[in-house]
Structure formats: structure tokens, C-alpha cells
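Please work through each task before reading its solution.

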Amino acid sequence: MKLKKFAFPTAFTILFAITVIVVGLTWIIPAGEYQRLSYNSAEPSLVVAKIDGSHEVLPATQATLNDLNVSIEINKFTDGTIKKPIAIPGTYERVAQQPKGIMDITESMVKGTIEGADVIVFILVLGGLIGVVNKTGAFNAGLTALANRTKGKEFLVVFGVTIILSIGGTSCGIEEEAVAFYPILVPIFLILGYDAIVCVGAIFLASSMGAGFSTVNPFSVVIASNASGISFIEGIGFRTIGLVIGTIGVLVYLYWYCKKIKKDPTFSYNYENAESFKQRFLSHYDPNEILEFSWRRKVILCLFVAAFPIMVWGVMEMGWWFPQMAALFLAIAIIIIFLSGLKEKTAIDGFIHGASELVGVSLIIGLARGVNLVMEQGKIADTILEFMSHMVAGMPPSLFLLAQLVVFICLGFIVPSSSGLAVLAMPIMAPLADAVGVPRYMVVSAYNWGQYIMLFLAPTGLVLATLQMLDISYNKWLKFIMPMVIFMFVLSATLLLVQVAFL
């Protein structure tokens, strides 16, 4: 009797299993909470959310923060730098257990999808834009022109994308926004002779490595520094060193992998899905069909490409988020429809078809948020943080920082949002550095590096959505990414120990 070959579970099944496990943990891990502090700009005042559900309104002064043992400058609240409620040190209390039940498994999935509506709409609109551009033939004509110009120097394209995405990660924290780059870059990589893994490496791995060694990223290192009561400039030298070494590490690894699959395509970790992957992303590309790269198609491609730097500018300078980014892509799609000369029905059919191809990716993002909802409603995240803060307190400096790195790797799974983890954990963890005798910026570094090590692996983050988009199973991703996870852990631990040695 022939045994069936084991098929690794899909992203949906993995998230369902994790949701079930987390629901079970709400019965085992004691429930508990910290009091939360937020700023009310309408008053203005500081508001303490008590554990019993009541609120205490206090003057928005530095003296109030000092009384609460919150080592943050008051202007960080008043100028809007810190927008989310922060945990107040020393206020953790056990609360009544709030175990979740069977119905919460599916209900959390639905509610998580509703909460992720802004990201989901952004992805669907992006898919619609791509569908419209495909209908114009601009992609086909442009890819043919690119293929003719890059023969023999294909890796230069991977090199350039890796550098750009790494800079984007370290400067403005490109994460969910990176999803927008796959539809434009994946066909290019395929034309160059690479596979799906290279696409993830040059986009997700590079942007995450850049964000992991953030220098001025406002969504991680800046908000974490502010929540720690220090300037984000502190420690920027070592973070820059980590960024340079980390990016070089990504380039070397990608070069090795690209060289291997160029020599032998069967070496590809995703070789068995290569043809279906090409059909998905190159369905409109026929190398034997030479479409004229007319001025109209050139303008359409320029408009499509221009949407991405405009998006980055909007996030960095104008405070845009997913609704504004979706509106931008929708506006570009409308302009292209009028410019293309397509019939109305043809254009709309293209938009709908393009959006439909990203429905699975959108749902994955919603289901991942459902896992976080279960932990929040079960009130176990604060308990885990309180336990870990006691675990690392009082250790020798070197061991303390290594323990902090491990702690933030674990917390990165529980709270996959960089800003969310910063306002939750840094007011608790950063003051522990004072007792140990190390600067607080080192804890900020441990936070940033640790959570992004987990980002490469955590199904509750962006990984599964990315893999779903590129038809890569999680086990194949683990095979590819584990060397880089080990590399980043060793690099991070080494930089932390070197910093201690310089004290």
C-alpha cells in the first residue's frame, strides 16, 4: 500500500490551530492587567485607566508622570509622539480568569477580520489596480523590454531592491506596506530566472532586516525610546553597524541562493510549485508575443510605479495609513482606466479579477489579528510580560541583555505590532536597566532586534500573508529563513555584549 505524501498545512489551518491553542492558554495562564495611561488632548489631561474599569483624570504635567513612575517627558504625550495607552510600571494586578470558549475560536476570526478591514481593503484595491494594468498589456510589454536589458546581470536587480527595501525598513518601518511591492517586483524576478523564495528574500527579508536594525523608524525604535524616557539618538551608532552587517548578510545569502538556482533550478526550495507560481504572476506575459512598448503603456507603467514612492512619502510625511494608501491606489487605477482606452466593462472586470486574487491574503491578515484578540480578551499578555520582567530583573549586565533579547523574541509572538509592543513593554522593561547598571538604549536595542527575529517566524505576524500571496508553504519558508534567524540572533547578541564591554 502506497503511503500518501505528507502535505504541510496551509496558512489557514496553521492560524486555526494557533487560535485553538491560545484559547486553551486562557484557561491555564492567570489573567492580569496593568493600568494604562493615555493623553486626552481635548482637556488636556492624563487619564489613568484603572483595572476595575474606572478612570482617573490627572493634570498633564511632568510631576504627574514622575508620581506614576513613568520616565517619559510630558511633551512626548502632548505633541502626539505617543498616541497609544502605555502600561504603568508597578500596577500589575491579577484579575478574575476570563477563559475563552469554543465559540470564541470562530468569533475571534470574524472579529479579527473586521478589525483588519483597513489593511484588507488596501490589499484588495491594490489587487484591483494590478488587474487593470494587466488588461492594458503594459506589464507584458515592460517585462519584455526589461528581460532584454538585464541578461547576464540579473542579480543587480535583486541587489538594488534589497538595498532600497532595507533602507525603507530602517527609516520608515515598511512592513504591511511591503505587500504592495510583490505584484510589481515578482514578475520581474521571475523573468530574471529566479523563484518565489528570492522574491520574499529581496522584499520581506530585506525590509524586515532593515526594520529590525531600525535607526530612525518612527513605528519601532523612536516610539520605544520615547516610552523608555530616552532620545532615539542614543544607541544609533550600534544600530547602524547592525544595519550594515545585517544587509550585507542578506545580500550574501541571496547571492548564494540565486547562484544555486541559476545553476540548477531544481535546487529551488519551492520548485514543485514553480509552474503554478509562474502561471499566477505571468499569466499575461507571453515571451513569444511582442507587444509594442508604446507611449501609452510607458505612461501607465510610470503611473503604477509612481504610486509606491508616493505611498512611502505619504506615510512618512503626511501620516497616511491604510485608508489613505488605498485611496491613492484607487485614484491611480481610475486615471489608468481613462488613459488606457479600455472599454468600461473590460476595465472593471480586470479590477474585480485582480482584487479576487488577493482575497486569500486579506483573510490571512484578519485571522492573524483574531489570535491577538483572544490574548487581549483573555488578559494573558500582561501576565506573561509581568512574569518575564521578574525573570530578568537583577541579572548581571551581560546576562540581563541576552535575557532581554530572548524575552522580546517571545513577546514578539504575543504582540506582533512593533508600536504595540513598545508602549506595552518598554515602560516596564526599560527601568530594569537602571538597577542592573546598563543604559536604557540597550534595552531598546534588545526590544527591536528580538521582536524582529520573531517576525521572521511568527504566524501571527505578516509571514503567513506573504507566503499565501506567493504560494510558499510554511515549512519551506522555515528551511530558507532559519540560517538568517540564527545569523540575526548571533549578530544581535554580539552587538549587545560589545556594548556592555564598552561601559
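**Exercise 1.** Which residue in S5 does Arg36 stand opposite?

*Solution.* The model is a predicted one, in which local features need pLDDT of at least 70 and side-chain atom pairs count only at pLDDT 80 or more, while totals for chains, interfaces and linings use all residues. Residues are numbered from 1 along each chain as its sequence is written, and side-chain values use heavy atoms, with hydrogens and water left out. Helices (H or I, at least four residues) and strands (E, at least two) are DSSP runs, numbered from the N terminus. Begin with the strands: S2 (residues 36-40) and S5 pair in the antiparallel sense over two bridges, where pairing requires that DSSP finds at least two bridges between two strands. Within this pair, Arg36 faces Ala87 of S5.

**Exercise 2.** Determine the strand order of the open sheet and identify its edge strands.

*Solution.* The four strands are arranged in the order S4-S3-S2-S5, and their pairing is antiparallel. Strand S4 (55-58) and strand S5 (86-87) are the edges, since each pairs on one side only. Next, consider S3 (residues 45-49), which pairs with S4 in the antiparallel sense over four bridges. Val48 has Glu56 in S4 as its bridge partner. The two strands S3 and S4 form a hairpin with five residues between them, and Gly53 in the turn has a positive phi of about 95 degrees.

**Exercise 3.** Locate the cis peptide bond and the residues other than glycine with positive phi.

*Solution.* As background, most residues other than glycine have a negative phi, and most peptide bonds are trans. Glu43 and Pro44 are joined by a cis peptide bond with omega of about -5 degrees; Pro44 is placed in the loop between S2 and S3. Asn69 has a positive phi, near 60 degrees, and belongs to the loop between helix H2 (62-67) and helix H3 (75-78). Asn69 counts as exposed because its relative accessibility is 54% (buried is under 20% relative accessible area, exposed over 50%, partly exposed in between; 1.4 Å probe, protein chains only). Lys379 also has a positive phi, near 55 degrees, and is found in the loop between helix H16 (359-378) and helix H17 (381-392).

**Exercise 4.** How are H18 and H19 oriented to each other, and which residue classes make up their contact?

*Solution.* The axes of H18 (residues 397-414) and H19 come within 12 Å and cross at roughly 170 degrees. Axes are lines fitted to C-alpha atoms, for helices over the stretch in contact, and angles run from 0 to 180 degrees between N-to-C directions. The two helices H18 and H19 are therefore roughly antiparallel (under 35 degrees is roughly parallel, over 145 roughly antiparallel, 65 to 115 roughly perpendicular and the rest oblique). Contact means heavy atoms within 4.5 Å. Among the contributors are Phe400, Phe408 and Leu411 of H18 and Leu421, Met429 and Val436 of H19. The contact of H18 with H19 comprises 12 nonpolar, two polar and no charged residues (Ala, Val, Leu, Ile, Met, Phe, Trp, Tyr, Cys and Pro count as nonpolar, Asp, Glu, Lys and Arg as charged, and the others, Gly among them, as polar).

**Exercise 5.** Is Gly420 buried or exposed?

*Solution.* Gly420 lies in helix H19 (residues 418-436). Its relative accessibility is 15%, so Gly420 counts as buried. Leaving aside neighbours within four places in sequence, Gly420 is in contact with Lys84 and Val415.
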